[in-house]
Amino acid sequence: MLHLTYLIILLPLVGFGVQLVAGRRLGDPAAGVVATGFIGASFLVSIGVYLALLQVNAPVRTYSQDLWTWIPVDQLQVHAGLFVDPLSMTMVLFITGISTLIHLYSIGYMKGDKDYPKFFLYMNLFVASMLILVLGSNLLVTFVGWEGVGTCSYWLVSFWFTRDSAASAGKKAFVYNRIGDVGFLLAIFLVFINVHSLEYSTIFANLDKISSGTITAICLLLLVGVMGKSAQIPLFPWLADAMEGPTPVSALIHAATMVTAGVYLLCRINPLLHASPTAALTIAIVGAATAFMAATIACAQQDIKKVLAYSTVSQLGYMFLAIGCGAYTAAIFLMVAHAFFKGLLFLGAGSVIHGLHDEQDLKRMGNLRAYMPITFITFAIGWLCIAAVPPFSGFWAKGDVLDNTWAAHPALWVVGIITAAMTAYYMSRLTGLAFFGKDRWADDDNHVELDAAHAHHGDGATSEPHESPWIMTVPLWILAFFAAIAGVMALSGSRFSLASWVDPVFGTNLFNPELSSAAMWTLAIVDGTVAVVFVCIGVVLWTKRSERPGLEVAFLRRSWYINELYDTLFGRPSTRFAAFCADVIDPKVIDGAVNGIAGAFRGSGSLLRRTQTGYVRNYVLGITLGTVLVLGFMLTRMWWG
Amino acid sequence: MSINPAWYLSLSIVLFAIGALGVLVRRNVLIMFMCVELMLNASNLAFVTFARTLHDIGGQVLVFFVLVVAAAEVVVGLGIVVAIFRRRANADADDLHLMKG
């Protein structure tokens with residue numbers, strides 16, 4: 001079964017080809033069903049490969065598949081190779097699994113969209129790229145997938161590109177990712193100069209040949225790359241704007257899979273991070289700062305998807321914090337749990353938006369639990385998970401991150417626990433505003449106009465909210481189930497233990513061995529208490545009232561004025577520079593050079609045309625004189641040479 | 001008895017100079033044409049002279065080439081001259097300066 005690994009990537013790719021050729025003909029909903037089928041098949045193959053990998057004896061548990069030599073140039077031998085180990089297998093399983101559910105959900109969510117087949121075309125290509133990213137056996141194959149998911153993200157964010165905000169959000173995502181990619185590329189070059197190979201296994205085997213300064217440089221350059229993809233400070237603002245895309249896209253790409261690619265990459269290169277404490281500390285600080293900052297912003301957002309977007313940024317910050325503390329297993333655990341509960345929350349939000357006919361303003365929701373019971377129950381599970389209320393998965397996942405942080409950097413643990421409190425608070429605020437309180441979706445007096453006119457399939461905004469069809473609620477149930485029970489992966493010794501599964505990759509445990517069990521119990525109780533207390537605070541504050549201006553200060557609503565800052569620092573100077581180029585450099589320098597060359601040829605031509613008299617005798621004279629000159633030259637050479 | 005080859009070469013030079021001068025100073029296309037022929041044959045004479053003096057058959061072979069080329073040239077050239085005479089009263093080369101730059 002292991003040799004069928006390539007099928008995991010090939011199936012979504014074939015699905016993409018089918019959509020490309022026959023998507024329009026299949027139409028709504030056949031195109032979606034076909035696309036879901038291909039992703040589902042890929043998931044089944046993944047399970048098969050997983051079972052086969054379990055048969056391989058414990059410490060090795062890797063399988064490489066060399067498909068073909070992609071770039072054979074002297075020393076640069078790049079293979080199109082796949083590498084299966086517990087880490088990539090974990091990624092593949094949850095990527096294909098969640099993709100299948102979200103594709104299924106999209107069949108219902110995208111119903112009636114005029115570009116229905118195109119949506120699934122992009123989605124299939126995205127899944128294929130994401131799988132290339134995680135299965136690549138060297139940095140360059142990973143980079144191909146990296147760029148592939150970035151491109152699909154761009155297409156899907158600006159899916160409703162006739163809306164100006166969606167088009168520019170796509171561009172923003174693309175540009176921010178490009179900035180990060182420069183770092184990634186430079187890191188690849190640096191690795192190649194030092195190791196003469198891009199294969200992960202070769203790099204790790206030759207670590208002692210690289211100086212420690214170079215390793216730090218490689219790690220920091222890769223950090224720049226993953227900052228872009230995983231939306232960390234300073235490259236995070238694009239993720240909030242990326243919410244312009246359809247909600248299943250936000251769930252799949254901007255919560256569950258693509259944005260975790262950075263976390264995956266850092267885990268993949270963990271031997272390099274082991275060798276560079278400086279880089280690890282930088283990652284931990286970036287992660288903690290991002291987690292804190294994004295959580296504060298999420299406390300004051302009014303668009304349901306923006307809250308979830310900043311929450312995603314914050315959770316990604318947690319994963320970075322864990323990686324920086326050397327707790328890769330905890331990072332992967334949180335990533336998987338987060339994929340379940342954040343995917344669930346986004347799909348729940350999508351269900352709400354669908355039910356309210358494209359209303360995303362939290363202040364225009366309220367009391368939806370009466371109208372959308374299934375969405376409410378599943379969303380509530382997601383809410384308790386992310387708020388880290390025991391015994392849901394978030395409690396275990398976040399608890400492991402915080403334990404390891406406590407052991408490594410107690411100062412960052414303080415930031416982490418404050419962020420955890422804010423997470424519990426803002427998610428309760430969101431749930432309170434959306435599902436409790438009075439029905440506000442019919443009021444017009446407190447209607448706050450959002451940036452975008454969300455009107456892709458609206459049919460009158462005042463009709464009563466309705467529960468979503470089964471094709472959308474089934475994925476909600478499944479995700480809710482896994483989000484609730486994903487905590488079992490934390491149980492050491494159980495069959496589902498994540499730690500003993502990925503142990504061959506990291507050589508570290510989920511729990512930090514330096515912590516005594518008393519300390520661990522204390523930390524767990526602190527985590528749990530903080531979560532429960534702040535959930536209560538959020539619920540008390542936001543179920544009865546929907547307006548508390550004191551808690552929604554402009555500084556947080558405008559996300560620390562970060563967009564304005566970037567606009568002042570980079571946007572406006574670039575605009576001025578572009579204007580300077582257009583007004584001065586283009587007409588003066590470039591046009592001057594072009595016109596100058598043309599003028600020089602015209603001038604010399606009008607001088608030379610005087611020699612063309614049209615009289616044969618003049619030409620003959622020229623020939624004769626020329627002959628005499630040449631002969632004379634030859635004769636002088638003969639006499640004096 | 002043999003004549004000194006210098007005489008033949010001198011004759012060749014004189015003929016060539018007459019031809020070149022003719023092309024330069026005359027305006028009638030037909031005369032210019034004849035002068036070109038004169039130059040060609042002057043060079044033929046020089047070739048033959050050198051072939052005899054140096055006992056190299058190559059010079060004589062080259063003469064045949066020149067003759068053949070000259071014959072071809074006469075066909076084309078006279079054709080052009082006839083065409084000119086058909087279009088205008090005289091064949092003054094200076095009147096034909098349409099290619100003036």
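Reader: Let's start with chain B: how many helices and strands does it have?

Author: Helices (H or I, at least four residues) and strands (E, at least two) are DSSP runs, numbered from the N terminus. Chain B has three helices and zero strands, and its elements run α-α-α from the N terminus on. The radius of gyration of chain B is 17 Å, well over the 13 Å that the globule rule gives for 101 residues, so chain B is more spread out than a compact globule. That radius is taken over C-alpha atoms, and the rule is 2.2 Å times the number of residues to the power 0.38.

Reader: Before we go on, what kind of model is this?

Author: This is a predicted model, in which local features need pLDDT of at least 70 and side-chain atom pairs count only at pLDDT 80 or more, while totals for chains, interfaces and linings use all residues. Residues are numbered from 1 along each chain as its sequence is written, and chains are lettered from A and ligands numbered from 1 in the order in which they are written.

Reader: What box do the C-alpha atoms of chain B fill, and what share of its residues is buried?

Author: Taken along the principal axes, the box is roughly 55 × 30 × 25 Å. A residue is buried if 20 or more other C-beta atoms lie within 10 Å of its own, exposed if 12 or fewer, and partly exposed in between, with C-beta atoms placed from the backbone. In chain B, buried residues make up 14% of the 101 residues.

Reader: How many residues does each chain bring to the contact between B and A?

Author: Two residues are in contact if their C-beta atoms, placed from the backbone, lie within 7 Å. Chain B gives 10 residues and chain A gives 10 residues. The chain B side divides into six nonpolar, two polar and two charged. Here Ala, Val, Leu, Ile, Met, Phe, Trp, Tyr, Cys and Pro count as nonpolar, Asp, Glu, Lys and Arg as charged, and the others, Gly among them, as polar.

Reader: Now to chain A. What span does helix H1 have between its end C-alpha atoms?

Author: The expected span of a helix is 1.5 Å times one less than its number of residues. A straight helix of 51 residues would span 75 Å, but H1 (residues 5–55) of chain A spans only 15 Å. H1(A) has a kink of about 135° at Gly27(A), shortly before Pro29(A). The bend at a residue is the angle between axes fitted to the seven residues ending there and the seven starting there.

Reader: Is the peptide bond from Asp28(A) to Pro29(A) cis or trans?

Author: The bond is cis, with omega near 5°, and Pro29(A) is itself in helix H1. Another cis bond joins Ile233(A) and Pro234(A), with omega about 5°. Pro234(A) lies in the loop between helix H7 (212–229) and helix H8 (237–241) of chain A.

Reader: Which phi value does His196(A) have?

Author: His196(A) has a positive phi of about 60° although it is not a glycine. His196(A) sits in the loop between helix H5 (164–195) and helix H6 (200–205) of chain A, and counts as partly exposed, with 14 C-beta neighbours inside 10 Å. For Trp560(A), phi is also positive, near 60°. Trp560(A) is in the loop between helix H21 (554–557) and helix H22 (562–608) of chain A, and is partly exposed with 15 C-beta neighbours inside 10 Å.

Reader: Finally, is Ile71(A) buried or exposed?

Author: Ile71(A) is exposed, with 11 other C-beta atoms within 10 Å. Ile71(A) belongs to strand E1 (residues 63–73) of chain A. Not counting residues up to four places away in sequence, Ile71(A) touches Leu76(A) and Val78(A).
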